[in-house]
Amino acid sequence: MAGYIGNKISSSTSLTAVVDEFTSTGATTYTLSQSPLNIQQIQVSAGGLVQHQSSYSVSGTTLTLTGVPTGQKVLVRHFG
């Protein structure tokens, strides 16, 4: 017997994913659409590679990330 075990998501609950997308211009700072509570609430990828949390920092809505070549896509996924 196949089935789902767990709590159902109520129809009044809306889940939205926030993803900020940038194209690198060689700059080191990016302005996020919202301020994460802490660094664990975002995931940063540059050029398709997920970046380790030690390679970037966040202060308010400012993400600081160095070493991204011009023209590379930078994606920031917000969790929570």
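## Strand order and sheet

In what order do the strands of the open sheet lie, and with what pairing? The open sheet of this predicted model has 4 strands in the order 1-7-3-4, and the pairing is antiparallel. Strand 1 and strand 4 (49-50) form the edges, each pairing on one side only.

At one end of this order, strand 3 and strand 4 run antiparallel and are joined by 2 bridges. Ser45 has Val50 of strand 4 as its bridge partner.

## Overall composition

The chain contains 7 strands and 0 helices, so that its elements, read from the N terminus, follow the pattern β-β-β-β-β-β-β. Of the 80 residues in the chain, 21% are buried. The chain exposes about 5700 Å², of which carbon and sulfur atoms supply 53%.

Contacts across the sequence can be described as well. Among contacts in the chain with a separation of 6 or more, 66% involve residues 24 or more positions apart.

## The nonpolar core

The largest nonpolar core comprises 12 residues: Phe22, Tyr30, Leu32, Ile42, Val44, Ala46, Tyr56, Leu63, Leu65, Val68, Val74 and Val76. At least two residues of this core come from each of strand 3 (42-46), strand 6 (62-65) and strand 7 (73-78). The greatest contribution is that of strand 3, which gives 3 residues.

Leu32 is a member of this core. Leaving aside residues up to four places away in sequence, Leu32 touches Asp20, Phe22, Val58, Thr61, Leu63, Val76 and His78. Of these neighbours, Phe22, Leu63 and Val76 also belong to the core.

## The aromatic pair

The partners are Phe22 and Tyr30, with 5.2 Å from centre to centre and 45° between the planes, an arrangement classed as tilted.

## The salt bridge

The count of salt bridges comes to 1. In this bridge the side chains of Glu21 and Lys73 meet, at 3.3 Å from N to O. The pair links distant parts of the chain, for Glu21 lies in strand 1 (residues 18-23) and Lys73 in strand 7, 52 residues apart.

How exposed are the two partners, Glu21 and Lys73? Glu21 counts as exposed because its relative accessibility is 52%, and the cut-off for exposed is over 50%. Lys73, with a relative accessible area of 42%, is partly exposed.

## The segment before strand 1

Ala17 lies in the segment before strand 1. With a relative accessibility of 69%, Ala17 counts as exposed.

How far apart are Ala17 and His78 in sequence and in space? The two residues are separated by 61 residues in sequence, and their C-alpha atoms are 6.9 Å apart in space. His78 is also one of the residues that Leu32 touches.

Terms used:
Residues are numbered from 1 along each chain as its sequence is written. This is a predicted model: local features need pLDDT of at least 70, side-chain atom pairs count only at pLDDT 80 or more; totals for chains, interfaces and linings use all residues. Side-chain values use heavy atoms; hydrogens and water are left out. A nonpolar core is a set of buried Ala, Val, Leu, Ile, Met, Phe, Trp, Tyr and Cys residues joined through side-chain atoms within 4.5 Å. Buried means under 20% relative accessible area, exposed over 50%, partly exposed in between (1.4 Å probe, protein chains only). Contact means heavy atoms within 4.5 Å. A salt bridge is a side-chain nitrogen of Lys or Arg within 4 Å of a carboxyl oxygen of Asp or Glu. Rings of Phe, Tyr and Trp (its six-membered ring) pair if their centres lie within 6.5 Å; planes under 30 degrees apart count as stacked, over 60 as edge-to-face and the rest as tilted. Accessible areas come from the Shrake-Rupley method with a 1.4 Å probe; for residues, only the protein chains shown count as cover. Two strands pair if DSSP finds at least two bridges between them.
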